[in-house]
Amino acid sequence: MDKDLFVVLSDIHANSKNISTIESRLKKFNGKLNFIKKSRQLERINILVSGDIAFSGKDSEYESLREQFLILKNNFNLILAPGNHDHDFSTYSAAMRETLLKLPMDKIDPVIIDNVTEGQAEYYKFENEFTNVNKVEEKKLSKLYEINGDSKFLIQSLNTAWCSNLKEIGGQISFPPSELIKPKDTKSVKITFFHHPLSWFEPNNSKELRNLLRANNDIIITGHEHSKDSFKIETDQSSCLMIESCAFHDHNLDENGFITFQFIGEDVSITQYLWSQGEFKESQTTKKSEVIKSSTVSSQGYYLSSKNFEFLNDIGAGYSHPDIESIKIDDLFVYPNLRRVPSDANIKRESSKQLISKSDLTRVILIGDECCGKTTLLKKLYLDVINSNDIALFLDGNKIKKANRFDHNKLNDEIIDQYDNLDLEELSKLNNKKTLFIDNFDLIKGDNLSCKKLIEFLNKFFDQILITVSDTYDIEEMNLKGEKVFSNDFVKYEILKLGYRLRYEIIHKWNQAKPHCVDNNKQLILTNDVASKKINRIIGKNYIPSTPFFLLTMLQSMDSNQASDMNTSSYGYYYQYLITSSLGSASVRKENLDEIFNYITELSFYFFNHNTNEISNESLWDFNNYFCHEYALQIDCKDRLDLLSRAKILQKNEDHIKFKYPYIYYFFIAKYLSNSIGEDKTEEIIDTLISTLDKRRSMDILMFLTHHSKDKTILDRIITHTEKLFNELTPSDLGVKSSFIDRIVDNLPEHTYEKVNPHQFRQEIEERKDINSDSHHSDESIDDEINSKNTEMDNGESENFIKSINLVFKSLDLLGQLTRNYYGSLKMSQKELLLKEAINAPLRSLEYIFNKLLNNPDRSLDMIEAKLKEKLTGESYTKREINNLARQLLFNLTTAISYNVIKKISTSIGSKNLIPVIEKISKDNPTNSLLLIEYSTKLDLGSHRSITELKKIYSQVENSSISTMLLKSMVLNYLYMFEVKDKHVKKICEIAKINYTPISQQIGYEKLTTRTG
């Protein structure tokens, strides 16, 4: 046993109000350490003070501690590090310091550090007075100390509070990696301590620091998180121990105290002491070996190696979360859906969760693109196998390399590497189910025969084999080229893109780790709502692949400094972030980005000009020659193609090249047009795009064009074109002009509220969207609703109507997006103009439908009655009953169309930043339709402001049956979608005249649809 004991003292927080309490505790602390030293016959006790000694960094606070610290100094070794409370922030010029702290990390020099740490002057005086250990090296923000005993200890203290602010927020501080001292002595025990837990650092900086510190230390110690956990201990691959201490004095916490650790041979013993009844009492003791054992899992007594367990828990791709220090697979993973190949008409999709439990799936091939999460899925299934008390093994085809060289020895090596106490001989004796996962099988080198023999060899040892291959790996073509690699018992599945529900579940997992969402379901649902809407808009009609890679990249960018440095209200910046990140991953330097962007821009227009989605290799060479000549550059075409392929900008398909993802093509076409606005050809293209807004390509190019260019004439032309749609009609007011609808039925259908879990309800809504997508239904339900209801029109009129209605809602999407994106740079008059037309065009289309019904309502009823008689043949319904049923269906249809139009408008223009403009438009022209749109927009944002507001709008619309029905449906939707206290629900239902049933009698999404007709 080593004769040195280390003590971690953190978060004293001394000030004039608590000094008597702290003096008393420090006396007890000194006495406790003296007792431990004598009873254990220790040579030294080394106290590491990890920050927040004072409360506000003032001289008087340190002065009050001098007497007790002098006693500690005389009895023990003392090393100190500062915390954020060791700053006297009153000494700074806040504006200048804030400006300096915004500089990039590589611009931080010693002069800047001196300026931003002036408020720590009193702390440094205190540190210099009481540190009594030999200092061997020093930088501005770090100091290295040496203690020699039975072992040699190198202890590094860091000033992580150098950039702290008065009101500190987790995820925002940084520490320059260049300020770390790397000890040259490899045989000494290395300890680093500092105040802030790594979760408080900016995510990318945290990850870099964590890796550097782990690689160069035996123990890392941080101060207290100020949460309910007293202290935490983690370890990494049996090497580095990470200890988060507890607070010495924090009146907000039940547990105050200190920790000690001591080296015992190869192990480390860690003990926590807590303040209780006027004494420090030993609370709990653990050992590093126990932490290591608890940080892995076992099956049948066979333990996964720490290295393997960490690999399996790593979600990959270097993701960082602002509030999760180290993301593990269960933090964010969702099981993707699969589709059998060839597809089964009766089964649209299956969950990958069932792969290891289905007895008939003993041989499986999973097919997916490089970003769909194949590897992560296998890791999760591996862990599932272990948790089922069975045995699993993971092989990477990229590491196998040659099929004919993988033999018993290499298989044994893999087993030994992945388990602490298992080898091939032992595995062969086990009766448990054994599952083998082979990732990247298509990267194994060898002809068909050698790959087939490899599979046959592995079949001898494993009951189940799951293989992943890229979507570019053509299994059937491989079979044609020679020996069949896979036997007929292999079942093939395609890994599907994430649908609405799975996207929502990942968003939910991402957000539930945020401090403001923990134990606050209302805030979690609101945060999910904002993120879900934003991501679904960014993904659009699948022109960004809905894969875990892209989804997590977007979530990370929303919460990271990269996103906050941009005008992130514009979705164009997210696409630019994705493109720049892809180029960065392909090692494109920042100084080369301008040329690369220009190359892709010109190439996109080459595609556009030739009206093609792909070009030949020869055409790319022609373009490359043109570009080099035009810009006086020398670019090797093959190298450039390889670069853009690695960056996932282009995709090579045999002898042809195309843009890998639609959003990249649209982004750069728009950039070309933006660069050439004013030229006749460009103006002609823009006019054509506006006139064909119902086409997806036109819509998306215009969306990106407004990101690249703020040319006001583009907005004016879009508005002018939209104004021509149904321009012979006035917008529907859902009031007097719609009174004919009230006469269709004698009694309105009732609305009933039944208690439901908002999170589950939202999941069911997303599931319904997925079912609609599986059935090839449009995401725009309004289009489906209207397009199927024009049987009384002739074909020519129907065709024109469908085109016009598509143009209306594409224009709505575009105008709404423009206003949301640029709310901060558009003047009030511009926003009002855009929003008015975004609202009026759909309301004119609704008026068109009403006019068709009003012109001949009896004919509409006759048609519905005829259909009902066909459906109800053989059932006893009177003519009056059929007529009443027809009237109810016609009313429900009219209400449903109106509801979809109102919701589509409110969703498209919905933004808290636009509420004042929407309120002004409604106030200037307070029709029922505008009042409902305003209120729907607020409800969609989860902001039901007051009961008074609901009373007011109900009184304004209650003379119209259809408006009353719409308002009730909106209110009911709000109550199901958001977390609302029961007493408020009851009051809202009372005002809106909705039946209130506190106990659910009908579960799920159907509740809303059936109750609202």
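Biologist: In which helix is Val 116 found?

Modeller: Val 116 is found in helix H5, residues 110-116. Helices are DSSP runs of H or I with at least four residues, strands are runs of E with at least two, and the numbering starts from the N terminus. This is a predicted model, in which local features need pLDDT of at least 70, side-chain atom pairs count only at pLDDT 80 or more, and totals for chains, interfaces and linings use all residues. Residues are numbered from 1 along each chain as its sequence is written, and side-chain values use heavy atoms, with hydrogens and water left out.

Biologist: Why does Val 116 count as buried?

Modeller: Buried means under 20% relative accessible area, exposed means over 50%, and partly exposed is in between, with a 1.4 Å probe and protein chains only. Val 116 has 0% relative accessibility, so Val 116 counts as buried.

Biologist: Which residues is Val 116 in contact with, leaving aside its neighbours within four places in sequence?

Modeller: His 87, Tyr 92, Arg 97, Leu 100, Leu 101 and Trp 162. Contact means heavy atoms within 4.5 Å. As for Ser 164, its C-alpha atom is separated by 9.2 Å from that of Val 116, while the two residues are 48 apart along the chain.

Biologist: Where does Thr 117 lie, and why does Thr 117 count as buried?

Modeller: Thr 117 lies in the loop between H5 and H6. Its relative accessibility is 8%, which is why Thr 117 counts as buried. With residues up to four places away in sequence not counted, Thr 117 touches His 87, Tyr 92, Asn 159 and Trp 162.

Biologist: How many residues are in the protein chain, and what percentage of them count as buried?

Modeller: The chain has 1013 residues, and 55% of them count as buried. It contains 41 helices and 27 strands. Of the contacts with a separation of 6 or more, 74% are between residues 24 or more positions apart.

Biologist: Which residues lie nearest the centre of the largest cavity?

Modeller: Its lining has 14 residues, and those nearest the centre are Glu 127, Leu 141, Lys 143, Ser 157 and Asn 159. Strand S3 (77-81), helix H6 (121-130), strand S5 (142-148) and strand S6 (152-158) each give two or more residues to this lining. H6 has the largest share, with three residues.

Biologist: How does the lining of the largest cavity divide by class?

Modeller: Seven residues are nonpolar, three polar and four charged. Ala, Val, Leu, Ile, Met, Phe, Trp, Tyr, Cys and Pro count as nonpolar, Asp, Glu, Lys and Arg as charged, and the others, Gly among them, as polar.

Biologist: What lines the second largest cavity?

Modeller: Lys 522, Ile 525, Leu 526, Gly 942, Tyr 974, Phe 978 and Glu 979 line that cavity, which holds about 50 Å³ of space. By class the lining has four nonpolar, one polar and two charged residues. Helix H18 (residues 521-539) gives the largest share, three residues.

Biologist: How do you know that S24 and strand S25 pair?

Modeller: Two strands pair if DSSP finds at least two bridges between them. S24 and S25 (residues 656-659) are joined by four bridges and run antiparallel. Lys 652 stands opposite Ile 657 in S25.

Biologist: In what order do the strands of that open sheet stand, and why are S23 and S24 at its edges?

Modeller: The order of the three strands is S23-S25-S24, with antiparallel pairing. Strand S23 (614-616) and strand S24 (650-653) each have a single partner strand, so one side of each is left without a neighbour in the sheet. From one strand to the next, the twist averages 30°.

Biologist: Which helix packs on the sheet and touches S23, S24 and S25?

Modeller: Helix H22 (residues 593-609) does, and its direction makes about 110° with that of S25. Helix H23 (residues 617-631) lies across S23 and S25, at about 90° to S23. Axes are lines fitted to C-alpha atoms, for helices over the stretch in contact, and angles run from 0 to 180 degrees between N-to-C directions.

Conventions: 1 Å grid on protein atoms, 1.4 Å probe; cavity = no way out; pocket = protein on both sides within 12 Å on 5 of 7 lines; lining within 4 Å. Points joined across faces, edges and corners; volume = space filled by probe spheres on them.
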